[in-house]
Amino acid sequence: MAPPPGDGKNINDAGTALKASSEKVADQHRKTGDALDKLIDTVNGTLSDLGKVSWLGGLGGIAVAHFYGDKVHDAMERLKKAVVEVLALVKKILDEGIPVFSLITRAFDWLDRVHAPVTAMSDTAATYTINVNNWDGPAKRAYDQRVPIQVKAIDGLAAAGGDMASWLAELAAANAAYIVSLFKPLFDIAGALGAAIVDAATVIGALEAIGKSGELVQIAVNAMYEGLENGVNHVTEVINKMVDAKKVTGELGDSWPQMVTV
Amino acid sequence: MAGNPDETRVVKQALLDEAAKWSALSTDMTAVQHQVGDLALQVTAFFTNNPITAQAAKNAYDGVWHLVEKLAGEAAAEFKQIDEALHRAHDEYEATDGKAAYDLSRIYGS
């Protein structure tokens with residue numbers, strides 16, 4: 001007899017994880033973008049103040065202020081470029097992650113359309129209708145020998161439906177883990193930008209604050225790429241289960257066993 | 001047992017009932033085959049940030065998907081043939097009044 005139809009809990013869990021990870025990362029993506037905008041505004045304000053200070057300082061002050069202002073401006077441009085690139089990458093991953101939700105739909109389909117109905121067929125096929133056991137002779141004995149072969153093939157087909165559902169759910173869960181790996185680096189980047197906002201409000205602190213923020217952002221970016229690489233490796237492992245091990249097809253023959261050849 | 005008119009009648013009815021069971025299974029399996037036909041997935045569903053891996057995943061999926069669809073069709077056809085074989089068994093049983101050891105190939109083929 002085929003294994004009992006799964007309750008789809010693993011599929012539900014994978015769907016929940018996929019939704020939660022996408023929402024969590026999208027939310028943090030927005031917050032990090034906001035932090036960048038706020039820092040840029042603050043630095044612009046500081047540079048504007050620097051212009052006022054420079055006029056008060058005469059010609060020498062203007063030269064110093066321009067030199068200092070250019071350095072702040074360049075540092076902020078570099079930091080902005082790095083963060084914008086990360087935000088674009090995350091956005092791309094989130095957008096490309098949307099079709100992954102169809103794995104969840106399909107996983108339920110394999111459970112509902114194949115595993116459950118074919119599992120039910122197994123019992124029906126294996127159980128003789130009433131009084132068939134009063135039939136005897138060679139035709140009956142041949143029937144007794146051949147029906148279990150059909151039942152076994154039915155069980156294999158039912159199991160394939162269940163395995164396919166599980167594989168798709170596992171793949172969706174691996175994708176959820178991949179997406180959620182973006183969260184911590186994004187959170188850290190927002191934190192680094194947020195910390196810089198306070199110090200960047202003063203003319204004296206701006207350059208150092210931006211430089212320090214840039215270093216922290218780079219650390220987070222490196223961590224993000226490392227996390228993504230691990231995530232891709234995990235997804236690839238799940239895929240290879242199907243590709244290499246023929247996890248599902250291994251249980252099935254190339255054709256249905258023939259009981260009748262007339 | 002064989003030769004007893006009541007027993008013969010019971011067995012003949014049982015063979016028809018068993019045949020009807022396989023006919024119904026054939027119908028059910030045909031429904032499964034049709035439902036499986038709708039289970040396509042786009043390559044974008046196998047998003048991995050790596051198009052080659054995604055394509056490999058889709059190919060693996062498609063391989064199983066098409067095999068299951070094919071097997072469901074073959075199963076439905078086979079179940080229908082079992083239904084017909086049981087009808088032939090019924091007819092043989094009726095013709096011989098349940099007494100003869102008839103030729104199996106006439107029921108199941110070679």
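Visitor: What percentage of the residues in chain A is buried?
Guide: This is a predicted model, and the figures are computed from it. A residue counts as buried if 20 or more other C-beta atoms lie within 10 Å of its own. Of the 262 residues in chain A, the buried part is 39%.

Visitor: How many helices does chain A have, and how many strands?
Guide: Read along the sequence, chain A follows the pattern α-α-α-α-α-α. The count is six helices and zero strands.

Visitor: What share of the contacts in chain A with a separation of 6 or more comes from residues 24 or more positions apart?
Guide: Two residues are in contact if their C-beta atoms lie within 7 Å. Among contacts in chain A with a separation of 6 or more, the share from residues 24 or more positions apart is 89%.

Visitor: How do α4(A) and α6(A) run relative to each other, roughly parallel or roughly antiparallel?
Guide: The axes of α4(A) and α6(A) are 8 Å apart, and the helices pack at an angle of about 170°. Angles over 145 degrees count as roughly antiparallel. Therefore α4(A) and α6(A) are roughly antiparallel.

Visitor: How many residues of the contact of α4(A) with α6(A) are nonpolar?
Guide: On the α4(A) side, the residues include Trp167(A), Leu171(A) and Tyr178(A). On the α6(A) side, Val232(A), Val235(A) and Ile239(A) are among them. The contact also has three polar and two charged residues, while the nonpolar ones number 10.

Visitor: Is Leu228(A) buried or partly exposed?
Guide: Leu228(A) lies in helix α6 of chain A. Burial takes 20 or more other C-beta atoms within 10 Å. Leu228(A) has 19 C-beta neighbours inside 10 Å, so it counts as partly exposed.

Visitor: Which residue of chain B does Leu228(A) touch?
Guide: Residues up to four places away in sequence are not counted here. In chain A, Leu228(A) touches Ser181(A). In chain B, it touches Asn49(B).

Visitor: Which helix supplies the largest share of the side of chain A that touches chain B?
Guide: The contact joins 50 residues of chain A and 49 residues of chain B. On the chain A side, α2, α3, α4 and α6 each supply at least two residues. The largest share, 12 residues, comes from α3(A).

Visitor: How many residues of the side of chain A that touches chain B are nonpolar?
Guide: This side of chain A has 13 polar and four charged residues. The nonpolar residues number 33.

Visitor: What is the radius of gyration of chain B?
Guide: Chain B has three helices and zero strands, and its C-alpha trace spans about 75 × 25 × 15 Å along the principal axes. A compact globule of 110 residues would have a radius of gyration near 13 Å. Chain B has 22 Å.

Conventions
Residues numbered from 1 in each chain as written. Chains lettered and ligands numbered in written order. Predicted model: local features only at pLDDT ≥ 70, side-chain atom pairs only at ≥ 80, totals over all residues. Helix = DSSP H or I, 4+ residues; strand = E, 2+ residues; numbered from the N terminus. Nonpolar A, V, L, I, M, F, W, Y, C, P; charged D, E, K, R; others polar. Axes fitted to C-alpha atoms, helices over the stretch in contact; angles between N-to-C directions. Parallel < 35°, antiparallel > 145°, perpendicular 65-115°, else oblique. Rg over C-alpha atoms; globule rule 2.2 N^0.38 Å. Buried ≥ 20, exposed ≤ 12 C-beta atoms within 10 Å, placed from the backbone.
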